[in-house]
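Please open the model in your viewer and keep the selection tool at hand.

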Amino acid sequence: MILVTTPTGQIGSQVLDSLLDAGDAAGDVRVIVRDPARLPPHVRDRVETVTGSHADPEVTAKACAGVDRVFWLVPPAPTAGSVDGHFRAFTRPLVDAIRTGGVERVVAVSTLGRGVARDAGQISASLAMDDVIRATGVHHRALCPPYLMENLLHQAAAIRGSGVLAMATYGDRVLRTCATRDVGATAARLLLDGSWTGQDDVPVVGPDALTPEDMARVVSEVLGRPVRFQRLDAAEYAAALRRHGASEDWARALTDLATATAEQGFYGSAAPTSPDTAPTSFRSWCERVLRPAVLNAGG
């Protein structure tokens, strides 16, 4: 049996759809979900549901009973008082379930930067989570994307209204990207394959070597309207996050993340692309996902 966390999220929903599309090859599928009503009708009748949060030890223990494969993703929580505490709260229940149950394989969403990232906010917390899970001895694959293209969807209204693509990084340095659908497809393939063993990272890096200024140019071409890049400094970025409801620690950690990726380069040109796991180009994603979001922003 396969357990899927965050089944209504951007990545988890795509993992779940891929597993259900595989039919009998996937076997039984179970999900942990806070609100089962949020599951689409085509999903609801085809999966077992355990209601609650996978940060709850009792919920995770119940959901892991009889499960041998787990898709694991810690959801973002901008209002969390502590980033490290948030990741620890989600990690402990899984570790306990692995040690007491029959979980053999875990496919988790992580990040590039292992062995390189320093003081990198959510990146550092995610990599530390991997280490704790791996210490159980479970077979483990960490999916390691760079900057997720879907992060730009938060700016759809700004792109439409002011023609600005704002990021807390340098405009002239390569920023590797990845589409969430490629992360989801790679996760599903691993969950359907019961032959792999050991613990390893799986890079999920798209085919482009674009700078943020290049990305703004591509967005402009796809939309048929001028779009320019604007660099936010750390203070501007943190203030914007707080205005949108982020806690002080979450805003600080995201600012540390942006600074680390800009200065330490592990999301940059040194990161090789991985066409087998991340074939989606930035332009094709803009045409398929960003353009409709921008056109529909604001009504």
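This is a predicted model: local features need pLDDT of at least 70, side-chain atom pairs count only at pLDDT 80 or more; totals for chains, interfaces and linings use all residues.

Residues are numbered from 1 along each chain as its sequence is written, and side-chain values use heavy atoms, with hydrogens and water left out.

**Stop 1: the cysteines.** A disulfide is a covalent bond between the sulfur atoms of two cysteines; here the term denotes a pair of cysteine sulfur atoms within 2.5 Å. The structure holds 0 disulfides. Select Cys 178, which is in no disulfide: the nearest cysteine sulfur, in Cys 144, lies 11 Å away. Cys 178 has 0% relative accessibility and counts as buried (buried means under 20% relative accessible area, exposed over 50%, partly exposed in between, with a 1.4 Å probe and protein chains only).

**Stop 2: helix H9.** Select residues 234-243, which form helix H9 (helices are DSSP runs of H or I, at least four residues, numbered from the N terminus). Which residues of H9 are buried? They are Ala 238, Ala 240 and Leu 241. Viewed down the axis of H9, the buried residues fall within an arc of 160°, so they line one face of the helix (the arc is that of the directions from the helix axis to the C-beta atoms). On the other side of H9, Ala 235 and Arg 243 are exposed.

**Stop 3: just after H9.** Finally, select Gly 245, which takes a positive phi of about 100°.

Conventions:
Helices (H or I, at least four residues) and strands (E, at least two) are DSSP runs, numbered from the N terminus.
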